[in-house]
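Let's walk through this structure together, one piece at a time. Please bring up the sequence and the model side by side.

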Amino acid sequence: MSSTTLPVMHDHASHDTSSMTTLGFWIYLMSDCLIFAVLFATFGVLAGNTADGPAGRDIFNLRYVAGETLLLLLSSFTFGAGMLSAKAGRRNALLVWLAVTLLLGAAFVGMELHEFAALIHDGAGPGVSAFLSAYFTLVGTHGLHVTLGILWLGVMMHQVFHYGVDEVVLRRLNCLSLFWHFLDLVWICVFTFVYLREFL
């Protein structure tokens, strides 16, 4: 009887571990929500404090930022396609989709760094006004999260290549999927609240 009960207990323990991992990651995402909520609130309070410096409509290039937004939205689509491949057990297709997602994310971060460098070069750095300080902090924090997501993508590509799509790898991919789509959602809020409202 012990030989028949042990596998069941093992499966149950594995299920509990998976549930705890998912729960723990949701708690992390909620803490990240609080961080971004504080940053959005701070930006909302300081958005009008330009200290005779440039306002958003003077320095933002809406077409450029729309291009960034398109890249990030497209990366969410490619990640979703990768997850479908993962659940179907198609390792090579998953690796391709993850690589495309990584490249789109890297292009997004590159465009953001270029935007920051151009603003600083034009004398609109974070030390010019409270508005610009809040702007660089909010957008930069999101960019840092995307950078960490890119590194995580690289790690997951390594694991998929060497270990395939087993239960552990799939669970980690699910957590990364939640993180990546969360960043996409936060960026839509950034695009609307920080950039778009300056031109409405």
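In which handedness of crossing does α4 pass α5? The crossing is left-handed, a label used when the near helix is turned anticlockwise from the far one by less than a right angle, with clockwise counting as right-handed. Before going further, a word on where this comes from: the model is predicted, so to speak of local features a pLDDT of at least 70 is needed, side-chain atom pairs count only at pLDDT 80 or more, and totals for chains, interfaces and linings use all residues. Residues are numbered from 1 along each chain as its sequence is written, and side-chain values use heavy atoms, with hydrogens and water left out.

Now for the overall layout. The protein chain has 6 helices and 0 strands, and from the N terminus on its elements run α-α-α-α-α-α. Helices (H or I, at least four residues) and strands (E, at least two) are DSSP runs, numbered from the N terminus. Along its principal axes, the C-alpha trace of the protein chain spans about 80 × 30 × 25 Å.

Helix α4 covers residues 91–121, and its 31 residues should span 45 Å at 1.5 Å a residue, which agrees with the 45 Å between its end C-alpha atoms. The expected span is 1.5 Å times one less than the number of residues. Just after α4 comes G123, with a positive phi of about 85 degrees. Helix α5 (residues 130–163) has 34 residues and reaches 49 Å from its first C-alpha to its last, close to the expected 50 Å. G164 follows α5, and its phi is also positive, near 80 degrees.

How do these helices pack? The axes of α4 and α5 come within 9 Å and cross at roughly 155 degrees; axes are lines fitted to C-alpha atoms, for helices over the stretch in contact, and angles run from 0 to 180 degrees between N-to-C directions. The two helices are therefore roughly antiparallel, a term for angles over 145 degrees, while those under 35 count as roughly parallel, 65 to 115 as roughly perpendicular and the rest as oblique. The residues of the contact of α4 with α5 divide into 20 nonpolar, 7 polar and 3 charged. Here Ala, Val, Leu, Ile, Met, Phe, Trp, Tyr, Cys and Pro count as nonpolar, Asp, Glu, Lys and Arg as charged, and the others, Gly among them, as polar.

Helix α6 (residues 167–195) packs with helix α3 (residues 62–87) at an angle of about 160 degrees, their axes 10 Å apart, so α3 and α6 are roughly antiparallel. Their contact residues divide into 17 nonpolar, 6 polar and 3 charged. With α4, α6 makes an angle of about 30 degrees, the axes being 14 Å apart, and that makes α4 roughly parallel to α6.

Finally, turn to the aromatic rings. F40, F43, F60, F108, F116, F131, Y135, F136, W187, F193 and Y195 form one aromatic cluster. Rings of Phe, Tyr and Trp (its six-membered ring) pair if their centres lie within 6.5 Å. The charged end of R197 sits over the ring of F193, 4.8 Å from its centre, and that of R91 sits over the ring of F161, 5.6 Å from its centre. Sitting over a ring requires NZ of Lys or CZ of Arg within 6 Å of the ring centre and within 35 degrees of the ring normal.

Note on methods: Rings of Phe, Tyr and Trp (its six-membered ring) pair if their centres lie within 6.5 Å; planes under 30 degrees apart count as stacked, over 60 as edge-to-face and the rest as tilted.
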